[in-house]
Amino acid sequence: IAQPTPQEASLGALIMTNHKHAGSGDAKTLIKKELTNLIKAKPPNIAGKGGPEVGHLMTMLDQDADGSMNFKKYITLIGSLTCATVP
């Protein structure tokens, strides 16, 4: 079996992180509390540097107002955090 490329390993880490923190009901979606825990645990050096608070992020990304963040919304969040850190 070939070693994963850095991009494949990164994608796998994103998927595993999402699934690890999701769990109240649907194992593929995050509720606000789970999203808060994920942001505090995983990118504290990015999310804690004057960025928007979790409630604001949830409101921005939860366009359908279902109170949860599916994987597509999660990836949008990760992309936004990544763009915010690129000089």
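Colleague: What should I know before we start?

Modeller: This is a predicted model, where local features need pLDDT of at least 70, side-chain atom pairs count only at pLDDT 80 or more, and totals for chains, interfaces and linings use all residues. Residues are numbered from 1 along each chain as its sequence is written, and side-chain values use heavy atoms, with hydrogens and water left out.

Colleague: What makes up the secondary structure of the protein?

Modeller: Five helices and two strands. Helices are DSSP runs of H or I with at least four residues, strands are runs of E with at least two, and both are numbered from the N terminus. Read from that end, the order is α-β-α-α-α-β-α.

Colleague: Why is Lys-73 called buried?

Modeller: Its relative accessible area is 11%, and buried means under 20%, exposed over 50%, and partly exposed in between (1.4 Å probe, protein chains only). So Lys-73 counts as buried. You'll find Lys-73 in helix H5, residues 71-85. Across the protein, 29% of the 87 residues get the buried label.

Colleague: Which residues does Lys-73 touch?

Modeller: Contact means heavy atoms within 4.5 Å. Not counting residues up to four places away in sequence, Lys-73 touches Leu-61, Asp-62, Asp-64, Asp-66 and Ser-68. As for Leu-30, it is 43 residues from Lys-73 in sequence, with 9.6 Å between their C-alpha atoms.

Colleague: Why is Asp-66 called partly exposed?

Modeller: Because its relative accessibility is 45%, Asp-66 counts as partly exposed.

Colleague: What makes the pair of Lys-73 and Ser-68 a polar contact?

Modeller: That takes a pair of N or O atoms within 3.5 Å; within protein, one must be able to donate a hydrogen and the other to accept it, and residues adjacent in sequence count only if both atoms are side-chain atoms. The backbone oxygen of Ser-68 lies 2.9 Å from a polar atom of the Lys-73 side chain. Lys-73 also makes a polar contact, side chain to side chain, with Asp-64 at 2.8 Å.

Colleague: How do you know whether Asn-18 is buried or exposed?

Modeller: Its relative accessibility is 0%, so Asn-18 counts as buried. Asn-18 is found in helix H1. Leaving aside neighbours within four places in sequence, Asn-18 is in contact with Lys-28, Leu-30, Phe-71 and Tyr-74.

Colleague: What makes a set of residues a nonpolar core?

Modeller: The members are buried Ala, Val, Leu, Ile, Met, Phe, Trp, Tyr and Cys residues joined through side-chain atoms within 4.5 Å. The largest one here has 13 residues, and those with the most contacts inside it are Leu-30, Leu-35, Leu-38, Ile-39, Met-69, Tyr-74 and Leu-77. Helix H2 (32-41), H4 and H5 each supply at least two residues of this core, and H4 gives the largest share, four residues. In soluble globular proteins, nonpolar side chains tend to be buried together.

Colleague: Why is Ile-15 called partly exposed?

Modeller: Because its relative accessible area is 38%, Ile-15 is partly exposed. Ile-15 belongs to helix H1, residues 6-21. With Phe-71 and Ile-75, Ile-15 makes a nonpolar surface patch of about 210 Å².

Colleague: And why is Ala-65 called exposed?

Modeller: Because its relative accessible area is 64%, Ala-65 is exposed. Ala-65 lies in the loop between helix H4 (54-61) and strand S2 (68-69). Its phi is near 55 degrees, a positive value in a residue other than glycine.

Technical notes: Patch = residues over 30% accessible without salt bridge, like charges linked within 9 Å, V, L, I, M, F, W, Y side chains within 5 Å. Areas by Shrake-Rupley, 256 points an atom, 1.4 Å probe, with all protein chains shown as cover. Salt bridge = Lys/Arg side-chain N within 4 Å of Asp/Glu carboxyl O.
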